[in-house]
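Work through the exercises below with the sequence and the structure open. Try each task before reading its solution.

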Amino acid sequence: MEEEEAEPHVLMFPFPALGHVNPMLKLAELLSLSGLRVTFLNIHTIHQRLILHTNLHSRFSRFPKFRFHTITDGLPPAYIGSLTKLSVLTQSMEAVTKPLLRQMLLSGELGPIPTCIILDGFFSFMVDSNAKPRIPVLCFRTVSACSFWAYSSIPKLIEEGQLPVRGEEDMDRMIEGVDGMENVLRCRDLPSFSRVGEQTEPILQYCVDQTIQSSKTQSLILNTFEELEGPILSCLRKRCRNIYTIGPLNAHLKSRLPGEKSPPELESSNGYREVDRSCLAWLDAQPSKSVVYVSFGSVTVIGDDQFREFWHGLVDSGKRFLWVVRPDLVAGKDEEDGVPAELEEGTRERGCMVGWAPQEEVLAHEAIGGFLTHNGWNSTLEGIVAGVPMICWPQFADQLTNSRFVSEVWKIGLDMKDVCDRKTVAKMVNDVMENRRNELMGSVLKTAKLALTSVEEGGSSYCDLERMINDIQLLRQQRQVID
Ligand code: UDX
């Protein structure tokens, strides 16, 4: 075995879903800004859509040491990952993508052998720690520390008989014995896959396994900040050797980008859908803090009945709203069933609907006063950074724990999980926009300030990113090349 000193070269590989690719791209840009050589590996289909709808190439072409490469997930081109097909995707990636990645590494197709891999911890199986070439892996998890910690605790809760959550039981029952979450976590706040009958589902097992694997890696990277999740991070540090908290990545990237704010058309966009920028002009015409922004992220699908309850609730609230209705948001849409006149009229007067919005710009807009969200972690952080109070309607996975922390721990929003009727929607909108606005705004603005301070020079996330970059530089000396 011989030791070789090589130029630091980071290979980054996100799990193929927008909520994972977005933050990994932001991290790639931050590492490139620090001068590191970075190779970003993406699944073909995801990459093609990003190229089509974002400024990816112009964003990264300014870094001479940055390269994109793509690889197949082994599935037909039309396939777009969804959670119901998670096992199909992961099995295919293990069988097809994993050996291909090894081959690409050995053949030099990805450039000089990387001195470290930043791998999405949601598919930690992608790199075997003992396989040659042996390359140190830093594991990036794109979820909150609180949901990561909740997932880590599931095996213990099953052992103690606190799980599974049974059909007839009180969903408000408190979960006991999870450090840092005493008197906070109820059955209904656990990651969704712990619910009735799903305990043995492979998806729960998969999420728990990946979380446990992530805790065991040399280093864990989290898109969060110390001042938000300090107590939970202290618990996590007892299990994980080394954690870098470098978020919120959107704010961190903005604070490190040199020079003036770029023109809007060069702003990095967050999606693989065509962005409808007309909503910004609509927002320009609305009074300050008068609009509630509604978005359920990139993958959530809702039923037609739920869609209609939300629509009625928004109109009945009497407040203005901007709603992202993706073409695939509503399942089983009844096209025959026309739109009631009061909804059409209310929307014409006070509403705007788009297929995909420039979310970060929207949240930062002066007219936005509230955010009705599914609490995907990216959206939650974007809401925090923008200082916008939330109405939480989480749907699956980490979102259920995130929303509990938003409402009960950070006190920056109201949680309406498991409820979906027009009366509740209208009430929540009025509470966030009016009745409880003062109490929420106090903590939201404080939390936003903490977020921004953490990414400024000397802040906790700023320093942790510096430490990580420094450690990556040192890792080159550890790489063992093939015999
Ligand atoms: C998924 C999971 O749902 C989430 O729970 C997990 O934390 C990450 O992966 P997703 O549901 O898409 O992600 O939610 P989220 O994490 O909030 O990411 C959505 C991204 O799409 C955000 O960065 C948001 O800015 C962007 N977006 C959404 C837009 O740019 N425009 C839109 O109209 C809607």
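Buried means under 20% relative accessible area, exposed over 50%, and partly exposed in between (1.4 Å probe, protein chains only). The model is predicted, so local features need pLDDT of at least 70 and side-chain atom pairs count only at pLDDT 80 or more, while totals for chains, interfaces and linings use all residues. Residues are numbered from 1 along each chain as its sequence is written, and side-chain values use heavy atoms, with hydrogens and water left out.

**Exercise 1. Examine the salt bridge of Glu7 and Lys65.**

Step 1. A salt bridge is a side-chain nitrogen of Lys or Arg within 4 Å of a carboxyl oxygen of Asp or Glu. Side chains of opposite charge can pair when their charged atoms come close.
Step 2. Glu7 and Lys65 meet this criterion at 3.0 Å, N to O.
Step 3. Glu7 lies in the segment before β1 (9–13) and Lys65 in the loop between α3 (56–61) and β3 (66–71), so the pair ties together parts that are 58 residues apart in sequence.
Step 4. Glu7 is partly exposed at 36% relative accessibility, and Lys65 is partly exposed at 32%.

**Exercise 2. How many salt bridges does the whole structure hold, and which residues form one network?**

Step 1. The search of the whole structure gives 27 salt bridges.
Step 2. Asp189 and Arg186 form one of them, at 2.9 Å, N to O. Both Asp189 and Arg186 are buried.
Step 3. Asp328 pairs with Arg326, their closest N and O atoms being 2.8 Å apart. Asp328 is partly exposed at 37%, whereas Arg326 is buried at 2%.
Step 4. Through shared partners, salt bridges join Asp172, Arg186, Arg188, Asp189, Arg404, Asp415, Lys417 and Asp418 into one network.

**Exercise 3. Describe the surroundings of Asp304 and of Glu336.**

Step 1. Asp304 belongs to helix α10 (residues 304–317) and is buried, with a relative accessible area of 12%.
Step 2. Apart from residues up to four places away in sequence, Asp304 touches Val330, Ala331, Gly332, Lys333 and Asp334.
Step 3. Glu336 is in the loop between β11 (330–331) and α11 (341–350). Its relative accessible area is 77%, so Glu336 is exposed.

Note on methods: Helices (H or I, at least four residues) and strands (E, at least two) are DSSP runs, numbered from the N terminus. Contact means heavy atoms within 4.5 Å.
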